[in-house]
Amino acid sequence: MTTKRHLTILGSTGSIGESTLDVAARHADRFLVLALTANQNSEKLFTQCLQFQPRYAVMLNPRSADDLDNKIRAAGLDTVVLAGIESLEHVASLPEVDTVMAAIVGAAGIRPTLAAARAGKQILLANKETLVMAGGIFMDIVQKHHASLLPIDSEHNAIFQSLPHEFNADLALSGIRRILLTASGGPFRQVELAELASVTPKQACAHPNWIMGRKISVDSATMMNKGLEVIEAHWLFNAHPDQIQVVVHPQSVIHSMVEYVDGSVLAQLGNPDMRTPIAHALCYPERMESGVPSLDLFDIARLEFETPDFERFPCLRLAYEALARKGNMPTIMNAVNEVAVESFLNGRVPFLAIPAMIEQVMQSSPWQEITTLDEVLAADTFARESAMEWLARSYGLNSLYSVAAV
């Protein structure tokens, strides 16, 4: 009889968390959900608790935790409700937990993901910010505590699947020339540049291929999402920026590729459904059914590829610049992007204010080396404060958002 793997799902009410639960439910004989967490969506987390009956349910927001606790008690469940960032760290490092799905969006996911690494867990990484903001720190902790790391982003999971099984973070030794990171181009790939000034949040969130949350959908529309993935790929695969080529691929069928020095290019293909990389990582090195339909190549008929346009997608250029500069620059870029996207989604600033804000704050911020988590969090706070000042100067906005995200 196969021993069940015990799961903690950080960010279970988001799209990645929901897909993870879908896959786990298909294989109830293999997985036991020990802990579920969310920010403030107590209603959805309660519904998940009814189905999976985890030992712990954690809400980052204390008021939401109180609401969830009342629902849990009324339903007669044995689930213990906890609140706050320390509780997220607690359920990410429980001795009974084997695997942690790190799917909290934004900087709030860093601390519990680091806690999982310190506890030597198998980490299924879907939180971009852990690598973008604290890549060097995180990878050192993973190695020091013998944690295992499996990428969940469809692109990085595709790269992982296309690498040699014995890959040891040395591209040259493995005969690899470069990584080809595919991007859909989002909803504005062919929109006239002049029209970008007036696009709405609804339009930006209407991704042509993927069903995602609002923040990541806007990041896809600006291609900041791909910029963050470039930085992730650098840390995950020890790749120099020059070895990471973004390829716009509108069909989102090839999820990424690895080019070898002999001219071979290995690619991973599949329908645009996150359950594929999730199932791959949950079961690795085995394979199991994910619920994703078979890829119909005859229906697709053709595959297209384009060079990314930095004029259309300045956020991608800014991400390459932040990676080249390293230090606090990726953290600053990420934090300002979060503030800018929130401002746009709330209808406070236009779409093109997103790259403008990021570039201005990056240019005006002094460079600093980053060696500790405290320095990461300080850079994050500084960037958010700088972004708020930019909003106040440019749009008269000065009290709309909370500065702290962590």
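Reader: Happy to dig in! What counts as a cavity here, and how many of 30 Å³ or more does the search of the whole structure find?
Author: A cavity is a set of grid points where a 1.4 Å probe fits but cannot get out. The model above is predicted. With a cut-off of 30 Å³ or more, the search of the whole structure turns up one cavity.

Reader: Thanks! Which element gives the largest share of the lining of the largest cavity?
Author: About 50 Å³ of space lies in this cavity. It is lined by 10 residues, with Ser154, His255, Gln268, Thr276 and Pro277 closest to its centre. Two elements give two or more residues to that lining, helix 11 (275-283) and helix 7 (154-162). The largest share, three residues, comes from helix 7.

Reader: And how many residues of that lining are polar?
Author: Sorting the lining of the largest cavity by class gives two nonpolar residues and one charged residue. The polar residues in that lining number seven.

Reader: Let's turn to the second largest pocket. How many nonpolar residues are in its lining?
Author: The second largest pocket holds about 640 Å³ of space. Among its 27 lining residues, those closest to the centre are Leu149, Phe160, Phe167, Leu236 and Phe237. Helix 6 (128-144), strand 7 (148-151), helix 7 and helix 10 (224-237) each give two or more residues to the lining. Alongside nine polar and two charged residues, the nonpolar count in this lining is 16.

Reader: Nice. How many residues apart are the two partners?
Author: Phenylalanine 160 sits in helix 7, while tyrosine 284 is in the loop between helix 11 and helix 12. The pair links distant parts of the chain, and the separation is 124 residues.

Reader: Is the peptide bond from tyrosine 284 to proline 285 cis or trans?
Author: Most peptide bonds are trans. Proline 285 belongs to the loop between helix 11 and helix 12. With omega near 10°, the bond from tyrosine 284 to proline 285 is cis.

Reader: Good to know for setting up a calculation! What is the phi of glutamine 53?
Author: Most residues other than glycine have a negative phi. Glutamine 53 lies in the loop between helix 2 and strand 3 (56-59). Although glutamine 53 is not a glycine, its phi is positive, about 45°.

Reader: Last one: which residues make the nonpolar surface patch of about 340 Å²?
Author: One member, leucine 297, lies in helix 12 (residues 297-300). The patch is made by Leu269, Leu297, Leu303 and Phe305.

How values were computed. Residues numbered from 1 in each chain as written. Predicted model: local features only at pLDDT ≥ 70, side-chain atom pairs only at ≥ 80, totals over all residues. Heavy atoms only, no water. 1 Å grid on protein atoms, 1.4 Å probe; cavity = no way out; pocket = protein on both sides within 12 Å on 5 of 7 lines; lining within 4 Å. Points joined across faces, edges and corners; volume = space filled by probe spheres on them. Helix = DSSP H or I, 4+ residues; strand = E, 2+ residues; numbered from the N terminus. Nonpolar A, V, L, I, M, F, W, Y, C, P; charged D, E, K, R; others polar. Patch = residues over 30% accessible without salt bridge, like charges linked within 9 Å, V, L, I, M, F, W, Y side chains within 5 Å. Areas by Shrake-Rupley, 256 points an atom, 1.4 Å probe, with all protein chains shown as cover. Salt bridge = Lys/Arg side-chain N within 4 Å of Asp/Glu carboxyl O.
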